[in-house]
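Visitor: Please take me through one part of this model in detail. I would like to know how it sits among its surroundings.

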Amino acid sequence: MDSQLGFIGLGQMGQAITANLVAKAGLRSPLVLYNRNRQRAEKHSSKIGHSLVARDLAELVSTCDIIWTCLEDEKAVCEVFAEILKLDLGGKLFVECSTILPHAMCQIAQRIQDGDANVVAMPVFGEPSMARKGLLVCVPAGPKSCVERIRPYLIDVICRAVVDLSGEEPAKSCLLKCIGNVLIMTTIEQIAEAHVFAEKSGLGTKHMASLIETIFPRPPHTVYSSNMVSGDYAKGGSIVGVAKARTLTSQILDLALASRTSLKSYKVAVDHLAVAEAHAGPQCDIMGIYGAVRVENGLPFSQGGCWKEHEPSGNA
Ligand SMILES: NC(=O)c1ccc[n+]([C@@H]2O[C@H](COP(=O)([O-])OP(=O)(O)OC[C@H]3O[C@@H](n4cnc5c(N)ncnc54)[C@H](OP(=O)(O)O)[C@@H]3O)[C@@H](O)[C@H]2O)c1
(Lines give C-alpha, C1' and ligand atoms only; values in the text may rest on other atoms or scores of the structure.)
Protein backbone atom coordinates (compact mmCIF):
# COMPACT_ATOMS: atom_id res chain seq x y z
CA MET A 1 0.00 0.00 0.00
CA ASP A 2 1.85 3.05 -1.26
CA SER A 3 -0.43 5.96 -0.43
CA GLN A 4 0.66 8.24 2.37
CA LEU A 5 -2.17 8.39 4.91
CA GLY A 6 -2.99 11.28 7.21
CA PHE A 7 -5.65 11.44 9.91
CA ILE A 8 -7.26 14.54 11.43
CA GLY A 9 -9.23 14.27 14.69
CA LEU A 10 -8.08 12.01 17.49
CA GLY A 11 -11.11 11.81 19.74
CA GLN A 12 -12.49 8.46 20.90
CA MET A 13 -13.31 7.28 17.37
CA GLY A 14 -10.24 8.74 15.68
CA GLN A 15 -7.93 7.11 18.22
CA ALA A 16 -9.58 3.73 17.73
CA ILE A 17 -9.50 3.94 13.92
CA THR A 18 -5.89 5.11 13.75
CA ALA A 19 -4.75 2.42 16.20
CA ASN A 20 -6.26 -0.20 13.87
CA LEU A 21 -4.79 1.42 10.74
CA VAL A 22 -1.33 1.28 12.28
CA ALA A 23 -1.73 -2.23 13.67
CA LYS A 24 -3.44 -3.92 10.71
CA ALA A 25 -3.16 -1.94 7.45
CA GLY A 26 0.50 -2.72 6.77
CA LEU A 27 1.33 0.96 6.23
CA ARG A 28 4.77 1.36 4.70
CA SER A 29 5.31 4.90 5.94
CA PRO A 30 4.19 6.25 9.32
CA LEU A 31 0.59 7.47 9.62
CA VAL A 32 0.59 11.27 9.86
CA LEU A 33 -1.64 12.55 12.68
CA TYR A 34 -3.16 15.93 13.50
CA ASN A 35 -5.36 16.92 16.41
CA ARG A 36 -6.43 20.41 17.53
CA ASN A 37 -5.07 19.55 20.97
CA ARG A 38 -1.54 18.60 19.96
CA GLN A 39 -0.64 16.96 23.27
CA ARG A 40 -3.43 14.44 22.71
CA ALA A 41 -1.97 13.61 19.30
CA GLU A 42 1.55 13.18 20.66
CA LYS A 43 0.40 10.93 23.49
CA HIS A 44 -1.63 8.81 21.08
CA SER A 45 1.22 8.63 18.57
CA SER A 46 3.64 7.28 21.16
CA LYS A 47 1.03 4.75 22.23
CA ILE A 48 0.28 3.32 18.75
CA GLY A 49 3.76 3.69 17.21
CA HIS A 50 4.49 3.91 13.44
CA SER A 51 3.01 7.42 13.27
CA LEU A 52 4.12 11.01 13.53
CA VAL A 53 2.40 14.24 14.47
CA ALA A 54 2.11 17.00 11.86
CA ARG A 55 3.04 20.52 12.91
CA ASP A 56 -0.26 21.87 11.55
CA LEU A 57 -3.04 21.11 9.08
CA ALA A 58 -1.02 22.52 6.18
CA GLU A 59 1.86 20.14 6.87
CA LEU A 60 -0.47 17.15 7.06
CA VAL A 61 -2.30 18.04 3.84
CA SER A 62 0.88 18.78 1.88
CA THR A 63 2.55 15.49 2.90
CA CYS A 64 -0.39 13.08 2.55
CA ASP A 65 -2.35 11.63 -0.42
CA ILE A 66 -5.31 10.21 1.51
CA ILE A 67 -6.57 12.43 4.31
CA TRP A 68 -9.15 11.14 6.80
CA THR A 69 -11.17 13.39 9.06
CA CYS A 70 -13.13 12.25 12.11
CA LEU A 71 -14.32 15.32 14.00
CA GLU A 72 -16.85 16.08 16.68
CA ASP A 73 -19.67 17.58 14.62
CA GLU A 74 -20.61 19.71 11.64
CA LYS A 75 -19.19 22.87 13.20
CA ALA A 76 -15.80 21.21 13.73
CA VAL A 77 -15.82 19.78 10.19
CA CYS A 78 -16.67 23.18 8.67
CA GLU A 79 -13.94 24.90 10.70
CA VAL A 80 -11.30 22.36 9.74
CA PHE A 81 -12.26 22.37 6.05
CA ALA A 82 -12.31 26.19 6.02
CA GLU A 83 -8.53 25.92 6.71
CA ILE A 84 -7.92 22.95 4.44
CA LEU A 85 -9.72 24.51 1.47
CA LYS A 86 -7.19 27.38 1.44
CA LEU A 87 -4.44 24.87 0.57
CA ASP A 88 -3.34 23.23 -2.65
CA LEU A 89 -5.50 20.08 -2.81
CA GLY A 90 -4.66 18.84 -6.33
CA GLY A 91 -4.99 15.04 -6.52
CA LYS A 92 -5.74 14.49 -2.82
CA LEU A 93 -8.43 12.13 -1.58
CA PHE A 94 -10.40 13.13 1.51
CA VAL A 95 -12.24 10.52 3.57
CA GLU A 96 -14.73 12.24 5.85
CA CYS A 97 -15.92 10.00 8.72
CA SER A 98 -17.68 12.47 11.01
CA THR A 99 -21.44 12.52 11.46
CA ILE A 100 -22.67 15.52 9.51
CA LEU A 101 -25.86 16.41 7.71
CA PRO A 102 -26.18 15.76 3.96
CA HIS A 103 -26.41 19.44 2.97
CA ALA A 104 -23.13 20.24 4.78
CA MET A 105 -21.42 17.30 3.07
CA CYS A 106 -22.74 18.48 -0.27
CA GLN A 107 -21.19 21.93 0.17
CA ILE A 108 -17.83 20.57 1.36
CA ALA A 109 -17.70 17.96 -1.42
CA GLN A 110 -18.36 20.61 -4.06
CA ARG A 111 -15.52 22.81 -2.78
CA ILE A 112 -13.11 19.86 -2.55
CA GLN A 113 -13.94 18.89 -6.14
CA ASP A 114 -13.47 22.53 -7.20
CA GLY A 115 -9.96 22.20 -5.74
CA ASP A 116 -9.25 19.28 -8.11
CA ALA A 117 -9.46 16.75 -5.30
CA ASN A 118 -11.86 13.93 -4.43
CA VAL A 119 -13.92 13.02 -1.42
CA VAL A 120 -15.48 9.89 -0.01
CA ALA A 121 -18.01 10.52 2.76
CA MET A 122 -17.78 7.54 5.08
CA PRO A 123 -19.77 7.85 8.28
CA VAL A 124 -19.38 4.91 10.63
CA PHE A 125 -21.70 2.89 12.85
CA GLY A 126 -20.53 1.40 16.14
CA GLU A 127 -19.61 2.96 19.46
CA PRO A 128 -15.98 3.44 20.62
CA SER A 129 -15.51 -0.03 22.17
CA MET A 130 -16.53 -1.58 18.84
CA ALA A 131 -14.27 0.84 16.96
CA ARG A 132 -11.33 -0.26 19.12
CA LYS A 133 -12.03 -3.91 18.22
CA GLY A 134 -12.24 -3.06 14.50
CA LEU A 135 -15.96 -3.87 14.45
CA LEU A 136 -17.35 -0.71 12.90
CA VAL A 137 -19.70 -0.68 9.94
CA CYS A 138 -18.50 1.83 7.33
CA VAL A 139 -20.75 3.53 4.79
CA PRO A 140 -18.61 4.96 1.97
CA ALA A 141 -20.13 7.06 -0.83
CA GLY A 142 -18.29 8.86 -3.58
CA PRO A 143 -16.57 8.00 -6.88
CA LYS A 144 -16.13 4.23 -7.28
CA SER A 145 -12.39 4.51 -7.98
CA CYS A 146 -11.91 6.48 -4.75
CA VAL A 147 -13.82 3.96 -2.66
CA GLU A 148 -11.66 1.22 -4.23
CA ARG A 149 -8.56 3.15 -3.18
CA ILE A 150 -9.54 3.03 0.48
CA ARG A 151 -11.04 -0.47 0.45
CA PRO A 152 -7.79 -2.12 1.67
CA TYR A 153 -8.11 -0.09 4.90
CA LEU A 154 -11.68 -1.16 5.68
CA ILE A 155 -12.69 -4.79 6.36
CA ASP A 156 -10.43 -6.55 8.88
CA VAL A 157 -8.65 -3.26 9.53
CA ILE A 158 -11.10 -0.71 10.91
CA CYS A 159 -14.46 -2.39 10.33
CA ARG A 160 -16.31 -5.69 10.14
CA ALA A 161 -18.60 -4.69 7.26
CA VAL A 162 -19.24 -2.09 4.58
CA VAL A 163 -22.58 -0.77 3.38
CA ASP A 164 -21.35 0.19 -0.04
CA LEU A 165 -22.72 3.35 -1.62
CA SER A 166 -19.80 3.74 -4.03
CA GLY A 167 -20.79 5.58 -7.16
CA GLU A 168 -23.38 7.64 -5.24
CA GLU A 169 -23.07 11.28 -4.17
CA PRO A 170 -21.12 11.59 -0.87
CA ALA A 171 -24.13 13.22 0.84
CA LYS A 172 -26.14 9.99 0.43
CA SER A 173 -24.09 8.20 3.06
CA CYS A 174 -24.62 11.12 5.46
CA LEU A 175 -28.36 10.76 4.93
CA LEU A 176 -28.11 7.03 5.65
CA LYS A 177 -26.12 7.80 8.80
CA CYS A 178 -28.83 10.21 10.00
CA ILE A 179 -31.59 7.68 9.38
CA GLY A 180 -29.40 5.01 11.01
CA ASN A 181 -29.26 7.25 14.08
CA VAL A 182 -33.04 6.81 14.31
CA LEU A 183 -32.51 3.03 14.48
CA ILE A 184 -29.82 3.37 17.15
CA MET A 185 -31.76 5.74 19.41
CA THR A 186 -34.99 3.78 19.18
CA THR A 187 -33.07 0.54 19.93
CA ILE A 188 -31.63 2.12 23.09
CA GLU A 189 -35.15 3.27 24.01
CA GLN A 190 -36.64 -0.21 23.49
CA ILE A 191 -33.97 -1.93 25.56
CA ALA A 192 -34.30 0.66 28.33
CA GLU A 193 -38.07 0.15 28.47
CA ALA A 194 -37.77 -3.66 28.50
CA HIS A 195 -35.30 -3.55 31.41
CA VAL A 196 -37.43 -1.14 33.42
CA PHE A 197 -40.54 -3.28 32.79
CA ALA A 198 -38.60 -6.38 33.87
CA GLU A 199 -37.43 -4.69 37.06
CA LYS A 200 -40.81 -3.20 38.00
CA SER A 201 -42.78 -6.37 37.29
CA GLY A 202 -40.52 -8.42 39.57
CA LEU A 203 -38.74 -10.42 36.82
CA GLY A 204 -35.48 -8.53 37.31
CA THR A 205 -32.99 -7.36 34.71
CA LYS A 206 -30.79 -10.49 34.82
CA HIS A 207 -33.24 -12.69 32.87
CA MET A 208 -34.09 -9.82 30.56
CA ALA A 209 -30.38 -9.35 29.80
CA SER A 210 -30.05 -13.09 29.03
CA LEU A 211 -33.00 -12.94 26.65
CA ILE A 212 -31.58 -9.90 24.84
CA GLU A 213 -28.17 -11.56 24.49
CA THR A 214 -29.85 -14.71 23.14
CA ILE A 215 -32.22 -13.07 20.68
CA PHE A 216 -29.77 -10.38 19.57
CA PRO A 217 -26.37 -11.95 20.24
CA ARG A 218 -24.36 -9.35 18.32
CA PRO A 219 -23.91 -5.68 19.07
CA PRO A 220 -25.43 -3.21 19.46
CA HIS A 221 -28.24 -4.74 21.56
CA THR A 222 -25.87 -6.70 23.80
CA VAL A 223 -23.59 -3.67 24.28
CA TYR A 224 -26.50 -1.39 25.21
CA SER A 225 -28.09 -3.97 27.50
CA SER A 226 -24.90 -4.73 29.44
CA ASN A 227 -24.15 -1.01 29.73
CA MET A 228 -27.57 -0.54 31.37
CA VAL A 229 -27.59 -3.58 33.66
CA SER A 230 -24.00 -3.07 34.82
CA GLY A 231 -24.82 0.52 35.78
CA ASP A 232 -22.11 1.83 33.43
CA TYR A 233 -24.67 4.18 31.86
CA ALA A 234 -24.65 6.14 35.09
CA LYS A 235 -20.88 6.64 35.14
CA GLY A 236 -21.01 9.11 32.25
CA GLY A 237 -19.58 9.74 28.80
CA SER A 238 -18.51 6.37 27.36
CA ILE A 239 -20.30 6.65 23.99
CA VAL A 240 -21.64 10.15 23.22
CA GLY A 241 -22.57 12.90 25.65
CA VAL A 242 -26.29 13.78 25.72
CA ALA A 243 -25.70 17.46 24.93
CA LYS A 244 -23.93 16.56 21.67
CA ALA A 245 -26.55 13.92 20.91
CA ARG A 246 -29.40 16.39 21.44
CA THR A 247 -27.93 18.78 18.88
CA LEU A 248 -27.70 16.00 16.30
CA THR A 249 -31.10 14.50 17.06
CA SER A 250 -32.84 17.86 16.71
CA GLN A 251 -31.15 18.34 13.31
CA ILE A 252 -32.37 14.88 12.32
CA LEU A 253 -35.91 15.73 13.43
CA ASP A 254 -35.72 18.82 11.19
CA LEU A 255 -34.55 16.61 8.32
CA ALA A 256 -37.52 14.29 8.91
CA LEU A 257 -39.88 17.25 9.04
CA ALA A 258 -38.51 18.48 5.71
CA SER A 259 -39.56 15.19 4.11
CA ARG A 260 -42.84 15.13 6.08
CA THR A 261 -41.81 11.99 7.95
CA SER A 262 -43.29 11.37 11.39
CA LEU A 263 -40.87 9.70 13.81
CA LYS A 264 -42.91 9.08 16.95
CA SER A 265 -40.69 6.51 18.67
CA TYR A 266 -37.55 8.52 17.83
CA LYS A 267 -39.19 11.55 19.44
CA VAL A 268 -39.74 9.54 22.63
CA ALA A 269 -36.02 8.68 22.76
CA VAL A 270 -35.09 12.31 22.04
CA ASP A 271 -37.36 13.50 24.89
CA HIS A 272 -35.63 11.01 27.19
CA LEU A 273 -32.25 12.48 26.25
CA ALA A 274 -33.53 15.80 27.61
CA VAL A 275 -34.63 14.12 30.86
CA ALA A 276 -31.21 12.43 31.14
CA GLU A 277 -29.46 15.76 30.67
CA ALA A 278 -31.67 17.43 33.29
CA HIS A 279 -30.81 14.68 35.79
CA ALA A 280 -27.20 14.03 35.03
CA GLY A 281 -25.82 17.00 33.10
CA PRO A 282 -24.52 17.47 29.56
CA GLN A 283 -21.70 14.92 29.91
CA CYS A 284 -24.14 12.13 30.75
CA ASP A 285 -23.93 9.42 28.11
CA ILE A 286 -26.77 8.77 25.63
CA MET A 287 -27.35 5.53 27.50
CA GLY A 288 -28.79 7.84 30.18
CA ILE A 289 -32.04 7.22 28.27
CA TYR A 290 -32.26 4.18 30.57
CA GLY A 291 -32.03 6.46 33.63
CA ALA A 292 -34.75 8.67 32.14
CA VAL A 293 -37.09 5.72 31.58
CA ARG A 294 -36.39 4.62 35.16
CA VAL A 295 -37.25 8.06 36.54
CA GLU A 296 -40.45 8.17 34.47
CA ASN A 297 -41.42 4.91 36.16
CA GLY A 298 -40.70 6.00 39.72
CA LEU A 299 -37.23 4.42 40.00
CA PRO A 300 -34.03 6.33 40.77
CA PHE A 301 -31.95 7.51 37.80
CA SER A 302 -29.13 5.17 38.77
CA GLN A 303 -29.96 1.64 39.83
CA GLY A 304 -26.65 1.34 41.70
CA GLY A 305 -26.88 4.66 43.51
CA CYS A 306 -23.44 5.59 42.17
CA TRP A 307 -24.64 8.55 40.09
CA LYS A 308 -24.11 12.00 41.56
CA GLU A 309 -27.19 13.95 40.52
CA HIS A 310 -26.35 16.91 38.33
CA GLU A 311 -26.81 20.35 39.82
CA PRO A 312 -27.70 22.82 37.10
CA SER A 313 -25.25 25.73 37.09
CA GLY A 314 -26.56 29.12 38.19
CA ASN A 315 -28.76 27.67 40.94
CA ALA A 316 -26.53 28.63 43.82
N1 LIG B 1 -18.75 8.08 19.83
C2 LIG B 1 -19.54 7.30 19.10
O3 LIG B 1 -20.20 6.39 19.61
C4 LIG B 1 -19.63 7.49 17.61
C5 LIG B 1 -20.15 6.45 16.82
C6 LIG B 1 -20.22 6.65 15.44
C7 LIG B 1 -19.84 7.85 14.88
N8 LIG B 1 -19.36 8.86 15.68
C9 LIG B 1 -18.97 10.13 15.06
O10 LIG B 1 -17.55 10.21 14.99
C11 LIG B 1 -17.14 11.57 15.15
C12 LIG B 1 -16.10 11.66 16.28
O13 LIG B 1 -16.73 11.20 17.47
P14 LIG B 1 -15.87 10.99 18.81
O15 LIG B 1 -16.73 10.17 19.72
O16 LIG B 1 -14.50 10.55 18.46
O17 LIG B 1 -15.81 12.50 19.35
P18 LIG B 1 -14.81 13.10 20.44
O19 LIG B 1 -14.19 12.03 21.25
O20 LIG B 1 -15.56 14.18 21.13
O21 LIG B 1 -13.63 13.78 19.54
C22 LIG B 1 -13.90 14.90 18.81
C23 LIG B 1 -12.70 15.25 17.95
O24 LIG B 1 -13.00 16.45 17.20
C25 LIG B 1 -11.98 17.42 17.45
N26 LIG B 1 -12.58 18.76 17.36
C27 LIG B 1 -13.71 19.20 17.94
N28 LIG B 1 -13.96 20.48 17.58
C29 LIG B 1 -12.95 20.84 16.75
C30 LIG B 1 -12.65 22.02 16.04
N31 LIG B 1 -13.45 23.09 16.11
N32 LIG B 1 -11.51 22.05 15.28
C33 LIG B 1 -10.71 20.96 15.21
N34 LIG B 1 -10.95 19.81 15.85
C35 LIG B 1 -12.06 19.74 16.61
C36 LIG B 1 -11.49 17.11 18.84
O37 LIG B 1 -10.23 17.71 19.03
P38 LIG B 1 -9.66 18.03 20.52
O39 LIG B 1 -9.04 16.76 21.01
O40 LIG B 1 -8.69 19.10 20.29
O41 LIG B 1 -10.86 18.45 21.35
C42 LIG B 1 -11.43 15.58 18.76
O43 LIG B 1 -10.30 15.16 18.05
C44 LIG B 1 -18.39 12.38 15.43
O45 LIG B 1 -18.82 13.04 14.27
C46 LIG B 1 -19.40 11.33 15.87
O47 LIG B 1 -20.74 11.69 15.58
C48 LIG B 1 -19.22 8.70 17.02
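**A close look at helix 5**

Guide: Start at the end of the helix. This is a predicted model. Asp116 follows helix 5, and its phi is positive, near 65 degrees.

Now the helix itself. Helix 5 covers residues 102-114, 13 residues in total. At 1.5 Å a residue, these should span 18 Å. The end C-alpha atoms are 18 Å apart, so expectation and model agree.

Next, the buried positions. They are Ala104, Met105, Ile108, Ala109 and Ile112. Seen down the axis of helix 5, the buried residues fall within an arc of 130 degrees, so they line one face of the helix. The general rule is that an α-helix has 3.6 residues a turn, so residues three or four places apart point the same way.

What lies over these buried residues? The cover includes helix 4 (74-84) and helix 8 (170-200). Strand 5 (93-96) and strand 6 (118-121) are also among the covering elements.

Step back to the whole chain. It is divided into domain 1 (5-168) and domain 2 (174-296). Their centres, taken over C-alpha atoms, are separated by 27 Å. The contact takes 15 residues from domain 1 and 14 residues from domain 2. Helix 5 takes part here: helix 5 and helix 6 (128-132) each supply at least two residues of the side of domain 1 that touches domain 2. Helix 6 gives the most to that side, with 3 residues. By class, the side of domain 1 that touches domain 2 has 11 nonpolar, 2 polar and 2 charged residues.

Three strands form an open sheet in the order 7-8-10, with mixed pairing. Strand 7 (124-125) and strand 10 (159-162) are the edge strands, and each pairs on one side only. Strand 8 (residues 136-138) pairs with strand 10 in the parallel sense, over 3 bridges. Leu136 stands opposite Cys159 in strand 10.

His50 has a phi near 35 degrees, a positive value in a residue other than glycine. The loop between helix 2 (38-48) and strand 3 (51-53) holds His50. His50 counts as partly exposed because it has 14 C-beta neighbours inside 10 Å. Arg260 is not a glycine either, yet its phi is positive, about 50 degrees. Arg260 has 6 C-beta neighbours inside 10 Å, so it counts as exposed. A cis peptide bond joins Pro219 and Pro220, with omega about 10 degrees.

Technical notes
Residues are numbered from 1 along each chain as its sequence is written. This is a predicted model: local features need pLDDT of at least 70, side-chain atom pairs count only at pLDDT 80 or more; totals for chains, interfaces and linings use all residues. Helices (H or I, at least four residues) and strands (E, at least two) are DSSP runs, numbered from the N terminus. The expected span of a helix is 1.5 Å times one less than its number of residues. A residue is buried if 20 or more other C-beta atoms lie within 10 Å of its own, exposed if 12 or fewer, and partly exposed in between; C-beta atoms are placed from the backbone. The arc is that of the directions from the helix axis to the C-beta atoms. Two residues are in contact if their C-beta atoms, placed from the backbone, lie within 7 Å. Domain bounds come from an automatic or database domain assignment. Ala, Val, Leu, Ile, Met, Phe, Trp, Tyr, Cys and Pro count as nonpolar, Asp, Glu, Lys and Arg as charged, and the others, Gly among them, as polar. Two strands pair if DSSP finds at least two bridges between them.
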